[in-house]
Amino acid sequence: MQVNTHLQQLKGNYLFTEIANRTQAYQQAHPEANVLRLGIGDVTLPLPPVIIDAMHRAVEDLAHAETFRGYGPEQGYHWLRQAIIDNDYTPRGINLTPEEVFISDGAGSDLGNLSELFDAANSVAILEPSYPAYVDTNRMAGREIIWLPCLEEHNFYPDLPKQKADIIYLCFPNNPTGTVLTRDELARWIEYARTNHSIILIDAAYEAFIEDPNIPHSIYEIDGAQEVAIEIRSFSKTAGFTAVRCGYTVVPKATGLQAMWSRRQCTKFNGASYISQRAALATYTPEGKAGIQANLNSYKQTARILSAGLCALGYTVYGGKNAPYIWCKTPDKMDSWAFFDRLLNQCQIVCTPGVGFGNAGQGFVRFSAFSNRKDVEEALKRMKTLA
Ligand code: MLT
C-alpha cells in the first residue's frame, strides 16, 4: 500500500481547524473571556419557523408506513430541483431542466468532488487569495496550480490566466475579499473559457448578498455560460443551513459533463437527506423567503456597521457590500497571524488571517458579518483600545 503522497504533503492544519484550535486554547486558558467570533463564516441566526416545521413534518413522514421514504434519487428529489429552477433561474431568464440541477449536502463537498470529472494532468487556475478548499482539493489530486493574484492595487480583481488553464475556480461575491464582477467582467471569463476549451467552476455561495443590480446573480445570465460553467450554490449562507447541509450544483448538458456527473453521483453519493431537502423546499415558500430575507438583512446590517466602524478606526477595508466578508488591511503591514493573535489576546476577537487564503492575503485579515449588531459594536469598542 502507498498513501496518496499529495495528500500527505499538505502542510499544517486546514485553516479553519487551526483557527478553532487557537480559539479553543485561548478560551481554555481564559474561561471567563467573552470571545467574539468573527472568524469562520458560520451562520448564527435561528431558522425561520416554516423551515423548522417542514423538517418536523419530514421526520413524521418517516414515522409512518404510508409516508415512509428509503433512498431518494441520488441527484435529489424532482420537486426540489424544479423549485430551484422556478425560483432561482427562470425569473432571471435562464433556461435549465431539473436534470441539470444536482442536490448536494452542501457546496463544500461538491467543490471538492467535482475535480473527479477531470484528468489529473489538467492545469487549474485559482484566484489568490481564495477559499482554501479549492487549493487543497487540487493539491490532493496532484494538479499543477496556476495562481491568479488578486491584489489591492487592482481592487482584488483577477486578470485572465496568461497561460492556458483547463479548469478555473471562481468565487463571486468573493470569499475572502468581497469583490464582485459585473456582467461585462464575467463575460470576459466566459469568452476565455470558450476560446481555450476550459471549464469554470464558480462558487456562488454568497449570491444572496448581492444588492447591486449590475452584478449578475448567476453566471448563466451571461450568454454562452452554459457551455463552459458549472455553478455551485448552497443553502448554507443563504438560508442558514450550515448544520442542515443542503446545496446544489448546476451542470448544464451543454458542458458535456452532465451525464458523467450523474454517473459519478450514483456510485458515490446516495443523495442529500430527505429531511434536508424538505427543509430546502420550504425556503421557497412565501414565509420561508420572508424569514430568510430577515436574517440576510440582519447580516447585511452587521456588515455595514463593521465596515463603517473599522473605517472610522482608521483601518483600510474592502468588501462588506454585496458580500458578508470584510477584508481588512492589518496596521503597519503587520503579519496576518500576528494581528490575529493580537486581536485574540488583547480584544478577545476571532478573525481569519488573510494569509490563510494564500500568500496574496498576507497583511490582511477577514471579518465575518455572520454575527449580530451587539457583538460587532462590542468588537469595535474593544478595537478602539488597541495599542
Ligand atoms: C469561510 O470562509 O468562512 C467558509 O466559507 C466557511 C465554510 O467552509 O463554509
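**View 1. The largest pocket of this predicted model has a volume of about 730 Å³.** A pocket is an open set of points, on a 1 Å grid over the protein atoms alone, with protein on both sides within 12 Å along at least five of seven lines, and lining residues have an atom within 4 Å of a point. Grid points are joined across faces, edges and corners, and the volume is the space filled by probe spheres set on the points, with a 1.4 Å probe. Lining this pocket are 25 residues, of which Lys-11, Val-135, Asp-136, Arg-139 and Gly-356 are the closest to its centre. Helix H2 (15-29), strand S3 (123-128) and helix H6 (132-140) are the elements that give two or more residues to the lining. Helices (H or I, at least four residues) and strands (E, at least two) are DSSP runs, numbered from the N terminus.

**View 2. Composition of the lining of the largest pocket.** H6 provides the largest share, 4 residues. The lining has 10 nonpolar, 9 polar and 6 charged residues; Ala, Val, Leu, Ile, Met, Phe, Trp, Tyr, Cys and Pro count as nonpolar, Asp, Glu, Lys and Arg as charged, and the others, Gly among them, as polar. Domain 1 (5-47 + 288-383) and domain 2 (49-285) each contribute at least three residues, with bounds from an automatic or database domain assignment.

**View 3. The second largest pocket has a volume of about 460 Å³.** Asp-88, Glu-207, Ala-208, Thr-238 and Tyr-284 are the closest to its centre among the 22 residues that line this pocket. Two or more lining residues come from each of helix H4 (78-89), strand S7 (229-234), H9 and helix H12 (286-312). The largest share, 5 residues, is from H12. By class, the lining of the second largest pocket divides into 10 nonpolar, 6 polar and 6 charged residues. At least three residues are drawn from each of domain 1 and domain 2.

**View 4. Gly-240 lies in the loop between helix H9 (235-239) and strand S8 (247-250).** Gly-240 counts as buried because its relative accessibility is 16%, where buried means under 20% relative accessible area (1.4 Å probe, protein chains only). Leaving out residues up to four places away in sequence, Gly-240 touches Val-43, Leu-47 and Phe-235; contact means heavy atoms within 4.5 Å. Pro-46 is 194 residues from Gly-240 along the chain, and their C-alpha atoms are separated by 7.6 Å.

**Notes.** Residues are numbered from 1 along each chain as its sequence is written, and side-chain values use heavy atoms, leaving out hydrogens and water. In this predicted model, local features need pLDDT of at least 70 and side-chain atom pairs count only at pLDDT 80 or more, while totals for chains, interfaces and linings use all residues.

Key: Buried < 20%, exposed > 50% of the residue type's maximum accessible area, 1.4 Å probe, protein only.
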